[in-house]
Amino acid sequence: MVDYLIEINGLKISFKQKNGFVQVVRGIDLKIKRGEIVGILGESGCGKTVSATSILRLEDESAIYDSGQIFFKGKELTDLSESEYQKIRGNQIAYIFQNASTALIPHKKIGKQLMGVLKRHDLPRSKEKILVTLESVGITEAETVYEMYPFQLSGGQNQRIMIAQGIICGPDLLIADEPTSSVDVALRKVILDMLKEINRKTGMAILMITHDFEVINYICDRVVVMYGGLIMEEGPMAEVMSNPLHPYTKALTYCAQSIYQNGSDLFTLSGAPPTPAEFKLECPFAPRCSFKRSTCMLEMPMMMEVDDRKVRCVLYREEYPDVRSDL
Ligand SMILES: Nc1ncnc2c1ncn2[C@@H]1O[C@H](COP(=O)(O)OP(=O)(O)OP(=O)(O)O)[C@@H](O)[C@H]1O
Ligand SMILES: [Mg+2]
């Protein structure tokens, strides 16, 4: 039996709004092994960030955990008190936020901010450790940067500081929410290489959240594709990339290939994902799906196992072999 570092079962999360509750995460199952790099891929608003922040209960008080369990090293997290969560945050599971500029305190020196992280987790307040960590994320003038404020640094440097903040306590799991979305392509590769290297050296697992197939393809062992608050497909990265099972994943790979391959016409996925207020008991991708059957608009497809992969699509039922071969 695999001993998972983290195991999420049937997680459903709603937010309290003026006119009632809206469910945005509708039953997520996700497992990550020690040392594994797993990607969550999906268009904006599909629930990637909420699924990930729920691991550390980082949502505001309007979030309601409707159901589900989150086991970390075998321990159920959703029952923990706030003070118990604080012992895990940063120390055992670290989170790099989507927006680096809001996650760093602009008027506090970098050294002090990193010292604060060590202090919060009762670790020795070692300047040496901070300098070594800054160097490990590619900050060459670590002594100088130690005395600087975030507003004096570039966006790319701040992104590196965020990663340093994430790894300084040696977490078992790093959740990186779009860590490269605000940096140029050259720096994107540098940051991804750096995360790979830390993973290889320390065995730290990574949950990488992005809407960029190229990022997932470059760094992840396994990928989870989300749409409309649900997981639509899951499998080893190379297999999902070369042979996507779900029509949505297929469309995403077409979009990615048409951007990166010279000479091909730009493929676009028409329409937009549903907002949580529009969710119905039907396949959320059906309105945009070229392969939809009448049943797709009438019922929610179940997650099905196909060899060592999973897909939430009726085309994998026995009655549709012909349509499937057209995919
Ligand atoms: N505090 C909140 N209150 C109400 N709705 C929320 C709240 N936080 C998130 N949502 C809604 O939950 C849905 C999922 O949001 P989430 O941030 O997880 O999307 P995402 O997949 O990370 O998107 P992006 O790629 O743009 O970061 C969105 O429709 C969002 O508006
Ligand atoms: Mg997000």
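Start at the largest nonpolar core, which has 82 residues; Ile 175, Leu 207 and Met 208 have the most contacts inside it. Such a core is a set of buried Ala, Val, Leu, Ile, Met, Phe, Trp, Tyr and Cys residues joined through C-beta atoms within 7 Å. A residue is buried if 20 or more other C-beta atoms lie within 10 Å of its own, exposed if 12 or fewer, and partly exposed in between; C-beta atoms are placed from the backbone.

This is a predicted model: local features need pLDDT of at least 70, side-chain atom pairs count only at pLDDT 80 or more, and totals for chains, interfaces and linings use all residues. Residues are numbered from 1 along each chain as its sequence is written, and chains are lettered from A and ligands numbered from 1 in the order in which they are written.

Strands pair if DSSP finds at least two bridges between them. Strand 1 (residues 4-17) and strand 4 (residues 63-72) share eight bridges. Click Ile 13: its bridge partner in strand 4 is Tyr 65.

Now go to Lys 87, in helix 2 (residues 82-88); helices are H or I runs of at least four residues. Lys 87 is partly exposed because 13 other C-beta atoms lie within 10 Å. Finish with Arg 120: Lys 87 and Arg 120 are 33 residues apart in sequence, yet 8.7 Å apart in space, C-alpha to C-alpha.

Methods: Helix = DSSP H or I, 4+ residues; strand = E, 2+ residues; numbered from the N terminus.
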